[in-house]
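Okay, thanks for coming, everyone. Let me put the model up and then walk you through a few spots I picked out.

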Amino acid sequence: MPSTSSSAPPAAAAPVRALKPGTSWSDAWERALTVAPEAFRDDRVLNLWDGSWVPDGHALPATSPVDGSPVAGPPRLDAVTAGRAVRAGLDQHRAWRQVPLPERRARVGAALDALDAHRDSLALLLVWEIGKPWRLARADVDRAVDGVRWYVENIAPMVEGRPPLDGPVSNIASWNYPMSVLVHAMLVQALAGNAVIAKAPTDGGVACLTLACALIRREGVPVTLVSGSGGELSEALVRSPEIGCVSFVGGRDTGARIATAVTDLGKRHILEQEGLNTWGIWEYTDWPALTALVPRLFDYGKQRCTAYPRFVVQRTVFDAFLAAYLPAVASVRTGHPLAVARPEDPLPALDFGPLINAAKARELAGQAADAIERGAVPLFRGALDPARLLPGQDTSAYAAPLALLSPPAASPLYHAEPFGPVDTIVLVDTEAELLAAMNASNGALVATLSTDDPDTFARLAPQIRAFKLGHGTPRSRGDREELFGGFGASWRGAFVGGELLVRAVTQGPAGERLPGNFPAYQLMP
């Protein structure tokens with residue numbers, strides 16, 4: 001009889017992804033133009049100062065990290081025009097500080113209603129401009145709106161007996177959280193009676209911020225939004241005598257320069273800087289809990305100030321740590337934030353999309369290669385999944401998760417925050433080594449220690465130099481009444497969050513010492 005054979009049918013090919021209908025950059029742009037035509041012109045955004053949208057500045061070309069396609073760039077002002085904008089901001093400040101609190105609450109509340117009504121338009125701009133997955137982009141808008149609503153409801157006792165500052169608050173913030181950090185801060189500052197000036201981040205988010213500021217300005221809240229290089233605008237936005245307070249979120253190098261300027265001038269300041277946030281593992285056995293947490297730690301590719309890029313692990317449990325960590329990091333999902341298999345499909349549930357730009361992806365790849373050449377051991381090296389991308393798309397800004405054991409001390413990955421999906425792991429044998437490794441960057445915003453024994457946690461926690469410390473759980477900036485600050489070089493100036501944010505931008509009694517890190521003192525809340 002003739003022989004017969006059987007074989008399994010070939011596996012079905014993964015469906016080809018396409019951009020979900022209605023989510024293109026042109027769709028996002030047209031929605032913004034329809035909602036706020038006064039703030040946009042053709043293919044560029046405008047600057048907002050002296051209460052009007054002005055077609056000035058030199059618009060730089062910009063590309064989306066999502067696929068390298070063109071998006072609107074920031075219209076950069078020169079120093080002279082920025083100085084005029086600041087002086088106009090002082091005029092607005094003097095008028096706004098006379099507005100009664102009930103009216104300020106009503107106007108800010110109306111602005112929040114407008115932001116909430118256009119939540120998805122703001123979020124879609126964030127996806128294209130800074131590469132946030134849809135879930136995280138919407139969350140950025142929601143946190144801004146919900147957080148400021150809490151202040152609208154609770155502001156009265158916070159400002160009782162505390163007048164606004166003598167000049168507007170100048171905001172210079174990073175690109176990663178335009179809504180939940182920058183717009184949130186701006187609206188609380190305005191609620192407390194201050195006019196607000198903001199510099200749009202150079203690396204992304206200018207269209208989202210433009211739309212948000214247009215909605216806010218319509219409600220009579222005095223906001224100024226300008227673009228330009230930090231070096232050229234520093235004289236106006238930091239050193240101008242009209243400025244009442246400087247609020248900065250960004251890296252230590254720029255923060256140090258601003259700190260020197262505001263200290264010399266005796267100016268109120270809030271400077272949130274980067275630190276190496278660490279996660280310690282010591283006498284720990286609840287590995288399923290760690291496995292469940294690891295993917296969450298990769299949200300937005302660790303491009304946030306409260307990310308945890310360093311694990312400090314007790315050597316005797318390293319095998320158990322790897323057994324818990326490796327499957328978890330392998331499950332992290334990255335890809336094109338708007339790619340779907342069928343038009344009716346929901347947008348993909350990703351942990352992160354691209355990094356902020358191709359230059360950052362190249363920088364991280366170079367730092368990792370250098371660390372490995374100097375002795376670091378690659379424990380995990382992820383790869384982009386073509387099934388989560390569009391066919392033939394530009395992927396130069398994308399980077400898959402990477403984990404390195406024992407980065408050399410000479411590597412930037414050893415002592416600085418990578419701001420990307422790279423974990424480094426350091427092994428220790430004693431509690432003294434654990435504490436030294438967890439405090440490697442001279443202060444941090446957050447840290448976590450996973451240990452089974454509550455007494456061990458209570459004994460070690462005060463020796464970890466982080467403003468917020470978790471016991472087996474991650475910490476974050478927090479919202480509403482939760483306070484926020486940093487230890488060491490991670491923070492300079494007044495602490496914020498809850499009542500402290502309002503105190504930082506209002507005037508108290510003569511001789512008041514605000515909680516914070518200052519050249520002359522450090523005062524915890």
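So, to start: in which loop is Asp42 found? Asp42 is in the loop between β2 (40-41) and β3 (44-45). Before I go on, the ground rules. This is a predicted model, so local features need pLDDT of at least 70 and side-chain atom pairs count only at pLDDT 80 or more, while totals for chains, interfaces and linings use all residues. Residues are numbered from 1 along each chain as its sequence is written, and side-chain values use heavy atoms, with hydrogens and water left out. Helices (H or I, at least four residues) and strands (E, at least two) are DSSP runs, numbered from the N terminus.

Asp42 has a phi near 55°, a positive value in a residue other than glycine. Most residues other than glycine have a negative phi. Asp42 is exposed, at 62% relative accessible area; by our cut-offs, buried is under 20%, exposed is over 50% and partly exposed is in between, with a 1.4 Å probe and protein chains only. Asp50 also has a positive phi, near 55°, and sits in the loop between β4 (47-49) and β5 (52-54). Asp50 counts as partly exposed because its relative accessibility is 48%.

Next, helix α2, residues 79-96. How far apart are its end C-alpha atoms? They are 25 Å apart, which agrees with the 26 Å that 18 residues should span at 1.5 Å a residue; the expected span is 1.5 Å times one less than the number of residues. Buried residues in α2 include Thr81, Ala85, Ala88, Gln92 and Trp96. An α-helix has 3.6 residues a turn, so residues three or four places apart point the same way.

Now, salt bridges, meaning a side-chain nitrogen of Lys or Arg within 4 Å of a carboxyl oxygen of Asp or Glu.

Glu38 pairs with Arg218, with the closest N and O atoms 2.9 Å apart. This one links distant parts of the chain: Glu38 is in the loop between α1 (25-35) and β2, and Arg218 is in helix α7 (residues 206-218), 180 residues apart. Glu38 is partly exposed at 31%, and Arg218 is partly exposed too, at 44%.

Then there's Asp479 with Arg143, closest N and O atoms 3.2 Å apart. Asp479 lies in the loop between β22 (466-471) and β23 (491-494) and Arg143 in helix α5 (residues 134-159), so this pair ties together parts that are 336 residues apart in sequence. Asp479 is partly exposed at 34%, as is Arg143 at 28%.

Arg477 is in the loop between β22 and β23, Glu272 in strand β14 (residues 268-273), 205 residues apart.

Last stop, the surface. Glu283, Asp286, Asp452, Asp453 and Asp455 gather there in a patch of negative charge. For patches, we take residues with over 30% relative accessible area and no salt bridge, and join like charges within 9 Å and nonpolar side chains (Val, Leu, Ile, Met, Phe, Trp, Tyr) within 5 Å. Asp286 lies in the loop between β15 (278-281) and α10 (287-297), and is partly exposed at 39%.

Terms used
Areas by Shrake-Rupley, 256 points an atom, 1.4 Å probe, with all protein chains shown as cover. Lys, Arg positive; Asp, Glu negative; His and termini not counted. Charge placed at Lys NZ, Arg CZ, Asp CG, Glu CD.
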